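Subject: Structure for your review

Dear colleague,

Please find below the structure that I am handing over to you.

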Amino acid sequence: MFAVEEVNRNPNLLPNRTLGFHIYNAYHNDDKILESSLMWLSGQAQTIPNYNCERQAKSVVVIGGANSALTVSMGTLLELYKFPQISYGLFDPLLNDPAQFPSVYQMATSDTSLSLGMVRLMVHFEWTWVGLVTSDDAIGDKFLRDMKEEMVRNYICVAITQKISIGQSMDIDTHRLFLWKIFKSRVNVIVIYGDIDSLLSVKFREEPYFLPKILWITTRDSDITKKPGSVYFDNFHGALIFSTKTSQMPGFQHFLKTINPLNYPDDIFLEQFWVTAFGCTSNHRKGDGSVCSQNASLDTLSLSYLDEIMSYQSYTVYNAVYSVAWALHEMLLVRSEIETKIHGGNQIIHPWKLHSFLKNIQFNNSAGNQVVLEKKRKSMTNYDILNYVTFPNDTDVLVKVGEFIPQTPPVQDFTIQEKAIVWHRWWKEAIPQRCSRICRPGFHKKVQEGKPICCFDCVPCPEGQISNHTGNEQCMKCPEDQYPNRERIYCLPKLVIFLDYEEPMGKTLASIAVCFSLLTVLVLWVFVKHKDTPIVKANNRDLSYTLLISLSLCFLCSLLFIGPPTPTNCLLRQTTFGVMFTVAISSILAKTITVVLAFRATRPGSRSRRWVGSKAPISLVVFCTFIQVMLCAIWLFLSPPFPDADTHSDPEHIILECNEGSLIAFYFVLGYIALLALGSFTVAFLARNLPDTFNEAKFITFSMLVFCSVWISFLPTYQSTKGKMMVAVEVFSILSSSAGLLGCIFAPKCYVILVQPEKNTKKTLKNANSWIQEYS
């Protein structure tokens, strides 16, 4: 009404002509829509297809179709007559197909930024568990796809989806099922989008359903504000509405203040609205109710009855009227393209002639905005974010609390005033909505099987990893020189450790090594001092000296394993240990063979006599040691040991150690020592029953048993320990095996030399030899 009157007052638009309009009801029923369309085409209540009984004021354009279903239903019939049809509802890409709907024009523009803006709102308030309610049509399907894509990109999950059929009110069972889905999903934020009539069925029921804690996000087109006759509307209190930015039309507010049914006696819709809004009639001759004051004005009504500013849908209707007016204006100017017939002085215009002008129409409306009907145009729509607030006195209001302008840079495109928002009565502030509680630091998300990614369990971070923020998808590893604290929230620097002289274990092992080495030197001094006694001379005095010196060095070589690893240290550790132990074990092997040869030499005619007292035992020691030296040389040449830092064995420490370089070479060295020890043990075991006055066979057998026991237990223990304990195990094995050899072989001899010197005489030795001869 406002647009038509404004056009008629404009002397530069359709001069000397008056623009008028007819209003027909549109139903969500194909039969009713077809009937209304035929009534309009024929010009009378009795529809007569292909006949027009209206002799004057014939319509040339249809402005209608609040949704695409109505537009399609009307368009099927209107296309037969090439009638232009301008739809003012939401943009539908299906209607934009010129091949299928060549006579349909859409005032709304194609816009994909709405889903982006709504998701930005969700991200801002940390709403990651959201329900979607749309109309069951192409527009709803497209919005659903756009929303899901944008929500997935921002890690927001769809809790429930509900499609509502156009023109069909929800029955009680369907409505209860919908409510059950809401309660079951525990969703508290729901987006509404689509056809106005179908979505209102969620709200307007004869039986009100209480929806606690639900926050609604919708658009102005869905129109959730209270309407006359609604039963219960408080559910939508606190809703956030995306309203397309529109410019205020000059004079529109004044028009609302002055409009009155008395000025439009033929407008039955305005009269009905007046009765509903004010509870009275404008004319005492109409109805039995009270008569309204002549000063009654629409600007006194609350938002429930009338928008204070022009809504986007009203804005598109306004632009549609002007589009028709300018098309007619251009058509009348180009007379060569107009076919007219004069009937009673009236000029008749063929509707199909308007298409070429509507397709190319372009003008600026009274607000200064450009209007174009070209079907391929695209635009980015700007939105105001409104807060819907209801009051106990049955009034409501929309308050602007933010805006979304997609053309601006990403940081500036979205603004929201949280303090200005009036939340749902159950909400005191913006509450983050999630399927699962956010994971605190030290935990990470583990998606629940068969559920959306927003539904997860909080699992502690694995060993060696931390999570220093809430809601982390994954834990992150600490640097190699750091380790997690007990709560696994942050990393702590690792302490550098090694088997140090300063710590108790290092001091203890070093002290034991030095003491045993001095004890071995003391035994050597005792043997040198009593070198001419029979017990020292027996079993090769030189081998005893060699064994004692090597055992003293074996004790001292363990000191190379204590202290910080250095390149020289690492090269000498295992090689010195291997060579010294080889000298010791080969000396014991030579002593064992000497025992056997000595008693064999007592037999008459024995060939073993030539080996007794010769240099053969010393040669055996040199030969065995030479093989070990060659093995160590090959080891050092091919893959020498080197200092290394172990950051993995101990989660809280960095262990400085010597990397053996080649474990194969290391085990070859140990294996060679084990082979010599096994040979010594075998020979000594076979000679154990020989006369034992000065016989070492039993002592050597027992010492080899101790030695082998120590090193057999060393291998699994060495493999199962890490870091400095591994070094300590090897040092302990060196000390214990060396002490076993020293004690088992030389303790009995020292006892005889120092405590029972009477047994350390030639007479005792002769008695032993006589026994040997009798035994033989």
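The notes below describe salt bridges, aromatic rings, strands and a surface patch. Please bear in mind throughout that this is a predicted model.

Salt bridges

Side chains of opposite charge can pair when their charged atoms come close. The structure holds 11 such salt bridges. One of them links Glu 150 to Arg 153, with 2.6 Å between the closest N and O atoms. Both residues belong to helix H5, which covers residues 138–153, and they are three residues apart, about one turn of the helix. Glu 150 counts as buried because its relative accessible area is 12%, and buried means under 20%. Arg 153, by contrast, has a relative accessible area of 54% and is therefore exposed, the cut-off being over 50%.

A second salt bridge joins Lys 245 and Glu 403, whose closest N and O atoms are 3.0 Å apart. Lys 245 sits in the loop between strand E8 (240–244) and H8, while Glu 403 is in strand E14 (residues 395–404), so this pair ties together parts that are 158 residues apart in sequence. Lys 245 is partly exposed at 29% relative accessible area, and Glu 403 is partly exposed at 22%. Glu 403 also meets the side chain of Lys 400 in a salt bridge, at 3.5 Å from N to O. Through shared partners, the salt bridges join Lys 245, Asp 384, Lys 400 and Glu 403 into one network.

Aromatic rings

The count of aromatic pairs comes to 24. In the pair of Phe 2 and Phe 255, the ring centres are 5.4 Å apart and the planes stand at 50°, so the pair is tilted. Phe 2 is part of helix H1 (residues 2–9) and Phe 255 is part of helix H8 (residues 252–258), so the pair ties together parts that are 253 residues apart in sequence. Phe 2 is buried, with 7% relative accessibility, and Phe 255 is buried as well, with a relative accessible area of 12%.

Elsewhere, one aromatic cluster is formed by Phe 577, Phe 581, Trp 635, Phe 666, Tyr 667, Phe 707, Trp 711, Phe 714 and Tyr 718.

Strands and sheets

Strand E2 (residues 85–87) runs parallel to E3 and is joined to it by three bridges. Within this pairing, Ile 86 is opposite Tyr 105 in E3.

E22 pairs with E24 (residues 653–659) in the parallel sense over three bridges, and Ile 497 has Ile 655 in E24 as its bridge partner.

Surface patch

Met 1, Phe 21, Ile 23, Ile 268 and Phe 269 make up a nonpolar patch on the surface, with about 450 Å² of accessible area together. Phe 269 is in helix H9 (residues 268–278) and is partly exposed, at 34% relative accessible area.

Yours sincerely

Notes
Residues are numbered from 1 along each chain as its sequence is written. This is a predicted model: local features need pLDDT of at least 70, side-chain atom pairs count only at pLDDT 80 or more; totals for chains, interfaces and linings use all residues. Side-chain values use heavy atoms; hydrogens and water are left out. Patches are made of residues with over 30% relative accessible area and no salt bridge: like charges are joined within 9 Å, nonpolar side chains (Val, Leu, Ile, Met, Phe, Trp, Tyr) within 5 Å. Accessible areas come from the Shrake-Rupley method with a 1.4 Å probe; for residues, only the protein chains shown count as cover. A salt bridge is a side-chain nitrogen of Lys or Arg within 4 Å of a carboxyl oxygen of Asp or Glu. Helices (H or I, at least four residues) and strands (E, at least two) are DSSP runs, numbered from the N terminus. Buried means under 20% relative accessible area, exposed over 50%, partly exposed in between (1.4 Å probe, protein chains only). Two strands pair if DSSP finds at least two bridges between them. Rings of Phe, Tyr and Trp (its six-membered ring) pair if their centres lie within 6.5 Å; planes under 30 degrees apart count as stacked, over 60 as edge-to-face and the rest as tilted.
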